[in-house]
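Please open the model in your viewer and keep the sequence panel beside it. The stops below say what to select next and what is there.

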Amino acid sequence: MTPRLSHVMLTAGLALGATTVHAALPDTAILYKNPQCGCCDGYARHLERLGIDVTVVDDQPLGEIKQDAGVPYGQGSCHTVEMGDYVIEGHVPMAAVEALFEQRPDTDGIGLAGMPSGTPGMPGPQNAPYEVYQFRDQQASPFMTL
């Protein structure tokens with residue numbers, strides 16, 4: 001096999017792998033947020049750049065949305081996203097979202113409490129590991145650390 005052909009095959013394999021990850025993500029999402037929150041809009045734009053059609057809803061009571069979604073008390077953030085059969089709470093990095101849809105665990109969703117610097121939609125560098133949790137019936141447990 002020539003070096004050029006090897007390079008072409010490697011590049012094609014990497015491109016196929018990247019397509020497979022994004023293919024696991026749903027095509028649509030609903031993002032619930034406060035009307036004045038700009039970082040939530042940043043998260044929506046991040047999802048849209050991945051090819052996800054995002055509907056932004058800013059006229060619903062967020063507390064009720066979070067409670068109905070099963071988000072554990074005290075683990076919330078500024079927005080809640082419905083994607084496929086899961087809920088994504090807050091500025092969860094895409095590596096965790098992709099892992100959720102690849103692994104498809106028996107959970108209501110995943111979240112990242114607060115508004116950590118360096119996450120999608122939030123400016124600045126990552127200052128500490130992101131402790132992404134999963135939740136079911138308003139009970140949190142670790143999902144992954146990024």
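Throughout the tour, a residue is called buried under 20% relative accessible area, exposed over 50% and partly exposed in between, with a 1.4 Å probe and only protein chains considered. This is a predicted model, in which local features need pLDDT of at least 70 and side-chain atom pairs count only at pLDDT 80 or more, while totals for chains, interfaces and linings use all residues. Residues are numbered from 1 along each chain as its sequence is written, and side-chain values use heavy atoms, with hydrogens and water left out.

**The whole chain**

Begin with a cartoon of the protein chain, which has four helices and seven strands; these are DSSP runs numbered from the N terminus, helices being H or I with at least four residues and strands being E with at least two. Followed along the sequence, the pattern reads α-β-α-β-α-β-β-α-β-β-β. Of the 146 residues in the chain, 42% are buried. Among contacts (heavy atoms within 4.5 Å) with a separation of 6 or more, 57% are between residues 24 or more positions apart.

Show the side chains of its buried residues, which include Cys39, Tyr43 and Leu47; the buried residues of helix 2 pack against strand 1, strand 2, strand 3, strand 4 and helix 4. Just after the helix, glycine 51 takes a positive phi of about 90°.

**Two aromatic pairs**

The structure holds two aromatic pairs, for which rings of Phe, Tyr and Trp (its six-membered ring) must have centres within 6.5 Å, with planes under 30 degrees apart counted as stacked, over 60 as edge-to-face and the rest as tilted. Select tyrosine 86 and phenylalanine 101, an edge-to-face pair at 5.4 Å centre to centre and 85° between the planes. This pair links strand 4 (residues 86-89) with helix 4 (residues 94-103), its members lying 15 residues apart, and both residues are buried. Then move to tyrosine 133 and phenylalanine 135, which form a tilted pair with 5.9 Å between centres and 45° between planes. Tyrosine 133 is buried at 5% relative accessible area, and phenylalanine 135 is likewise buried, at 1%.

**Two loop residues**

Select serine 77, in the loop between helix 3 (62-69) and strand 3 (79-83); its relative accessible area is 14%, so serine 77 counts as buried. Beyond neighbours within four places in sequence, serine 77 is in contact with residues including Lys66, His91 and Met115.

Finish at aspartate 137, in the loop between strand 6 (131-136) and strand 7 (139-145). Is aspartate 137 buried or exposed? Aspartate 137 is exposed, because its relative accessible area is 60%. Leaving out residues up to four places away in sequence, aspartate 137 touches Gly70 and Asp108. Its C-alpha is separated by 9.7 Å from that of glutamine 67, 70 residues apart along the chain.
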